[in-house]
Amino acid sequence: MTHGAQLKPAVAHRADRLAGTIRIPGDKSISHRSFMFGGLASGQTRIKGLLEGEDVLATGAAMRAMGAHIHKEADEWIIDGVGNGCLLAPEGPLDFGNAGTGVRLTMGLVGSYAFKSTFTGDASLSGRPMGRVLDPLRQMGVQVSAASGDRLPVTLEGPRIANPIRYTVPMASAQVKSAVLLAGLNAPGTTTVIEKVMTRDHTEKMLVGFGAQLSVDTAPDGVRTIELQGQGLLHGQTIDVPGDPSSTAFPLVAALLVPGSDVVINNVLMNPTRTGLITTLLEMGASIEIVNPRQSGGEAVADLHVRASMLTGVDVPAERAPSMIDEYPALAVAAAFAQGETVMNGLEELRVKESDRLSAVATGLKLNGVDCDEGESTLTVRGVPGGNGLGSPNAMAVVATHLDHRIAMSFLVMGLAAQHPVCVDDAAIITTSFPEFMDMMSGLGAHIEFRQEAA
């Protein structure tokens with residue numbers, strides 16, 4: 001992985017109108033898990049609609065390194081898995097580039113095996129904390145050798161027999177929940193995970209689909225107790241990956257902000273744990289019509305008909321954060337064009353993403369003329385309807401993306417509706433999650449171009 005080795009600055013200019021019909025690439029979370037569970041299952045797994053970004057392909061490479069046979073035929077990925085409990089020790093370090101989901105989930109999957117595995121990543125990933133996953137693995141008997149602050153590179157060595165645990169997740173984190181459950185696949189007995197706030201539940205749904213013995217009990221107060229019986233058989237499946245809601249955020253917000261826009265986004269995942277952004281935008285007055293709702297592979301899917309809208313600021317409750325944690329940069333851009341004040345609460349998790357996203361978003365907004373306040377776990381944005389004065393006529397005013405794909409895409413979307421252009425220091429990083437972004441947005445009528453050199 002070479003993230004950051006060659007920055008590719010880009011600039012977005014005000015668009016006249018966005019129009020057309022698009023299909024968003026496959027959901028990133030489901031794509032990661034498809035490679036992992038397919039590689040671990042007995043028999044063959046076939047995947048259509050997989051997100052072929054660098055992050056997901058890094059997970060596929062890791063599964064290959066541990067014995068899974070993975071190849072692509074036409075538009076379908078085919079995996080011949082090793083069988084649960086039968087992963088092989090990788091011959092070298094597993095390099096996850098910028099993939100936080102991939103590295104944390106794979107640590108869980110591999111940690112309970114009685115061999116050594118080493119995990120590495122790029123500069124951005126190496127700065128992100130891994131202790132939240134490593135702590136429960138230690139309770140299961142895994143020996144951990146890590147850099148200061150439990151950061152990459154990390155070497156794990158599982159015990160001869162892993163210890164199933166009962167673990168209460170201390171923060172709202174689907175990655176931690178999933179890592180513990182995946183470690184439990186190779187442990188005898190029952191591994192139990194308790195989460196006080198429901199997070200995206202793709203791991204639970206997909207494990208059941210692959211044949212795992214897993215149950216979920218939800219108490220009246222919303223606390224979920226998830227029990228997994230370890231060392232069971234997993235069977236290969238056929239998977240059609242729905243469109244990624246997090247990637248959907250960018251053309252969705254762009255269509256709302258650029259006057260006269262009319263865009264249809266097909267095949268969007270509508271899992272209730274992932275639709276916080278749509279809920280919030282509807283509260284702000286967005287014209288988003290949910291068309292043809294349906295089920296696909298156990299997940300809710302629909303098409304979205306989006307028209308340009310006048311938005312009004314709202315207070316976004318902290319409890320909504322788990323259902324839209326990756327979409328706050330896009331929401332902040334939408335808020336910059338809304339009438340009045342938008343207050344986003346419960347954002348502490350943004351500080352440990354690919355970058356300190358909260359700080360990066362606030363800094364980028366201010367650089368482009370937006371009145372906003374950054375709190376410890378809040379962001380308050382006072383919008384300018386129509387975008388007059390937003391952006392920057394100064395080509396030297398460049399948003400620092402900090403190797404964060406969502407910061408890059410969010411501010412390029414801002415430039416499509418702002419009075420002045422908006423520049424980002426790197427658009428190459430977008431390939432980690434949404435390699436089609438530039439072409440797809442251009443096809444809708446966006447004016448985004450790479451610059452020859454950094455300002």
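**Loop residues and cores**

I began with Ala 318 and found it in the loop between strand S18 (315–316) and helix H10 (328–335). I kept in mind that this is a predicted model.

Next I asked myself: is Ala 318 buried, partly exposed or exposed? Its relative accessibility is 36%, so Ala 318 counts as partly exposed. Leaving out residues up to four places away in sequence, I saw that Ala 318 touches Asn 345 and Gly 346. I also checked Ala 318 against Pro 25: the two are 293 residues apart in sequence, and their C-alpha atoms are 29 Å apart in space.

Then I moved to Thr 275, which sits in the loop between strand S15 (262–269) and helix H9 (276–283). Thr 275 counts as buried because its relative accessible area is 14%, and the cut-off for buried is under 20%. With neighbours within four places in sequence set aside, Thr 275 is in contact with Met 270 and Ser 323.

Which residues touch the most other members of the largest one? I noted Leu 281, Leu 365, Leu 379 and Phe 437, out of 82 residues in that core. Helix H8 (residues 245–257) gives the most to this core, with eight residues. Another core lies apart from it, with 64 residues, including Ala 41, Leu 105, Val 180 and Leu 269.

I finished on Leu 281. Not counting residues up to four places away in sequence, Leu 281 touches Leu 252, Val 253, Leu 256, Ala 286, Ile 288, Leu 331 and Ala 334.

Conventions. Residues are numbered from 1 along each chain as its sequence is written. This is a predicted model: local features need pLDDT of at least 70, side-chain atom pairs count only at pLDDT 80 or more; totals for chains, interfaces and linings use all residues. Side-chain values use heavy atoms; hydrogens and water are left out. A nonpolar core is a set of buried Ala, Val, Leu, Ile, Met, Phe, Trp, Tyr and Cys residues joined through side-chain atoms within 4.5 Å. Buried means under 20% relative accessible area, exposed over 50%, partly exposed in between (1.4 Å probe, protein chains only). Helices (H or I, at least four residues) and strands (E, at least two) are DSSP runs, numbered from the N terminus. Contact means heavy atoms within 4.5 Å.
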